[in-house]
Amino acid sequence: MNAFADGIASLLDLQVLLGLLLGLALGFLVGAFPGITATMAVALAAGFTLTLEPVQGLAVLLTIYVAANFGDRVPSILVNTPGTPASIATTLDGYPMAKQGKAGLALTVSAIVSAIGILASLVIFAAFAIPIATIARDYFKSPELFALVIFGLTIMISISSKSILKGVLAGVFGLALGTVGVFPATGDQRLTFGSLDLWDGFNFIAVIIGLFGIAELFDQLLTHHASKIKPISSLGRYWPTRAEVKRMGRPLGVSGLVGLIVGLIPAAGGDIAGLIGWDRAKRISKHPEEFGKGSIEGITASDTASSATLGGSLTTTMALGVPGDSVMAVMIGSMIIWGITPGPDLFTSRPDLVVSITGIMLVATILSLGLSLVRMKGMVKLLDVPQHYIWSAILIFCIIGTYATTNSFYTVGTMLVFGVIGVIMKRTGFPAGPVVLGLLLGPLAEENLSRTLSILPTKPFLEVVSPIAIALLALSALSLLLPIIRRARGPKGERGKTLAQSILDAEVTDIDAAKNDTRASASTTPEK
Amino acid sequence: MTETRSETGDEAVVSDTADADIVAQPSRRLEIVAAAVALVFMAVYLVLVLQIDLRRETGAGQIDARSWPTMLGVLGVVIAAWRLVYAFVRPPADRDDLERLQKGGMRRLISTIVLTVVYLALWQVRSIVAFGYNIELFVFITPFFLFALLYVYGARSWKTFVLFPVITTAFIYVLFGMLLRIPL
């Protein structure tokens with residue numbers, strides 16, 4: 001059988017269907033509850049899916065990824081609170097629309113354009129994943145792979161960190177964690193302190209559930225305060241008029257393109273794409289003054305752009321082995337445990353996986369769109385679930401899910417310790433993303449650096465280290481230095497921003513103005 | 001002003017956008033402490049990796065078990081020291097992406113950690129023999145753990161205290177213990 005038939009055949013399994021349905025339910029729920037991110041949900045679900053076959057497990061995890069991208073728009077539109085960071089830009093026009101009695105319309109438009117964005121990005125994945133992987137396999141040897149890891153790590157640091165120094169420290173911390181255990185080249189023990197539990201290093205699932213699940217829960221316990229805004233329950237009409245559909249066309253195209261491009265950049269996710277897409281659409285709109293005040297073009301732009309990152313993110317993750325975003329970092333960890341290592345060799349050796357992944361994403365998108373269009377009223381009620389149920393459920397499922405990975409209490413203890421470390425890092429401004437990436441990619445970096453250094457004395461430097469490796473290392477250095485230089489040259493008040501924020505200066509200004517407008521109208525408009 | 005959803009059984013009334021009240025404030029002391037802890041951690045890491053026992057020498061141009069961790073340790077110490085200097089001489093960074101600690105928050109957090117540690121310690125016992133039966137502790141201690149969590153998080157309804165822990169424990173037992181055959 002060919003790869004296409006193999007890929008489709010692996011999807012025709014009852015457990016894959018059950019995985020899709022489970023992922024759909026979980027994804028919608030985590031998306032709809034503010035504070036529970038898709039990363040947290042995928043990390044948690046990774047503990048449950050380890051016993052499954054890879055395609056079955058991918059069905060659960062990828063569907064959570066897709067469905068959360070739909071579910072998170074609901075609280076953004078109805079309570080002005082993003083369900084996950086990817087829907088930050090949705091609040092800009094979604095909530096004002098809801099306050100104007102157009103919540104149903106905002107939810108429908110958001111769901112439709114999100115589906116279009118994801119489907120467009122899937123074309124990118126299906127068309128380019130194998131060619132990119134093939135190029136990487138043919139041209140990426142040890143020096144290039146080492147440079148690629150450093151590039152992925154530095155991009156993650158520059159995007160996720162307000163302070164580059166803190167980001168680098170977080171990355172070094174992650175790389176240092178990755179050195180614990182037996183050194184495979186010589187069998188020497190490193191920092192195991194005689195403990196058998198540390199021979200294989202830290203359990204990756206326990207670390208990510210701790211850093212992304214438990215730490216987030218602990219932060220909510222520390223900072224929770226009564227919700228500010230009552231969910232808007234009057235949804236109004238659902239479907240756009242013909243004139244409104246016509247207005248959606250241009251922002252859909254422009255922001256879709258933004259999302260596709262941003263998605264291909266390692267570590268850049270839907271939050272950044274949504275904001276850039278919203279701003280670009282505003283600039284080309286015939287009615288820019290309506291943006292931030294309930295514009296159907298605004299919500300079209302933000303949600304198309306943030307959703308269109310999914311395929312690009314998947315492409316860099318699967319074809320290069322460098323996570324496209326934090327969800328994908330977790331996904332890589334799960335796949336490694338299944339015995340599948342994302343990277344240049346994956347799709348050239350198993351092209352059927354491209355078909356399976358595309359199929360799962362396609363079905364997940366269609367199911368999510370369908371559910372989005374029928375569940376509107378019910379989702380409003382979900383927003384009223386008291387926090388004590390959510391916190392208790394998250395904690396017990398994090399504990400059981402982590403325990404299930406190894407049947408060991410040591411692993412649960414690791415999770416708890418990293419939960420405490422994670423919340424301390426969060427409160428002190430150290431990003432968790434580089435830690436996870438460092439832990440995940442550290443052994444790969446060390447292995448390829450070792451190979452490169454052993455070849456270097458035998459051949460001329462430029463014969464070993466290709467222009468690709470040099471370019472990637474130069475880009476890595478630039479990604480760290482550029483924000484520092486921009487901040488040093490910028491006004492004092494502008495210092496202490498992430499690379500995304502520094503790139504998004506104009507967008508941030510516009511968005512702040514839109515937020516102020518929303519606040520002004522919120523304080524003068526009676527609740528529905 | 002809007003009446004809010006009830007999270008803990010109490011109705012509360014707060015302003016619509018009270019960002020200033022909920023956003024964490026910059027803190028130089030916190031920056032200094034964080035950088036100092038990072039410096040100590042990386043210094044300890046460096047000392048430990050320099051003591052890694054090597055079973056055999058590596059060939060020319062090759063790296064041994066100490067090389068990569070040593071590079072990381074040195075880099076970490078340099079960056080952490082740089083960060084510490086920054087924390088002293090530069091104004092503290094904005095923390096507008098973080099929410100301020102709320103009253104009762106630390107109590108909730110510490111109670112959660114203590115309860116979880118106690119729960120894990122009890123669960124490790126696995127089972128006890130009583131009245132001639134081997135009794136699995138998981139099904140008995142989990143509802144109490146959930147009950148205690150709900151109490152700490154502000155629930156006060158007896159229906160909540162009974163139904164949620166029992167249903168959740170039963171669900172976990174059926175899913176993990178029976179279907180996935182995880183030894184609970």
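This report describes the two chains of a predicted model, their interface and a few of their elements.

The model is predicted, and local features need pLDDT of at least 70 while side-chain atom pairs count only at pLDDT 80 or more, although totals for chains, interfaces and linings use all residues. Residues are numbered from 1 along each chain as its sequence is written, and chains are lettered from A, with ligands numbered from 1, in the order in which they are written.

## The two chains

Helices (H or I, at least four residues) and strands (E, at least two) are taken as DSSP runs and numbered from the N terminus. A residue is called buried if 20 or more other C-beta atoms lie within 10 Å of its own, exposed if 12 or fewer do, and partly exposed in between, with C-beta atoms placed from the backbone. Two residues are in contact if their C-beta atoms, likewise placed from the backbone, lie within 7 Å.

| Chain | Elements | Residues | Buried |
|---|---|---|---|
| A | 25 helices, two strands | 528 residues | 61% |
| B | six helices, four strands | 184 residues | 24% |

In chain A, 80% of the contacts between residues at least 6 apart in sequence join residues at least 24 apart. In chain B, residues 24 or more positions apart account for 58% of the contacts with a separation of 6 or more.

## The interface

Contacts between the chains involve 59 residues of chain A and 68 residues of chain B. On the chain A side, the elements giving two or more residues are α9 (164-177), α10 (204-223), α19 (387-406), α20 (409-427), α21 (433-455) and α25 (505-524), and α19(A) gives the most, with ten residues. By class, this side of chain A has 29 nonpolar, 19 polar and eleven charged residues, where Ala, Val, Leu, Ile, Met, Phe, Trp, Tyr, Cys and Pro count as nonpolar, Asp, Glu, Lys and Arg as charged, and the others, Gly among them, as polar.

The expected span of a helix is 1.5 Å times one less than its number of residues. For α10(A), which has 20 residues, the distance from first to last C-alpha is 27 Å, close to the 28 Å expected. Of the 20 residues of α10(A), 19 are buried.

Helix α3 (residues 38-49) of chain A has twelve residues that should span 16 Å, and its end C-alpha atoms are 16 Å apart, which agrees. Twelve of the twelve residues of α3(A) are buried, and they pack against α2 (14-32), α4 (54-71), α10, α15 (326-337) and α19 of chain A.

## Details of chain B

From the N terminus on, the elements of chain B run β-β-α-α-α-α-β-β-α-α. Strands β3 (residues 127-130) and β4 (residues 133-136) of chain B pair in the antiparallel sense over four bridges, pairing being assigned if DSSP finds at least two bridges between two strands. Ile128(B) has Ile135(B) in β4(B) as its bridge partner, and in this hairpin, which has two residues between the strands, Phe131(B) takes a positive phi near 55°.

Helix α5 (residues 138-152) of chain B holds Thr142(B), which counts as buried because 24 C-beta neighbours lie inside 10 Å. Leaving aside neighbours within four places in sequence, Thr142(B) is in contact with Thr169(B) and Ile172(B).
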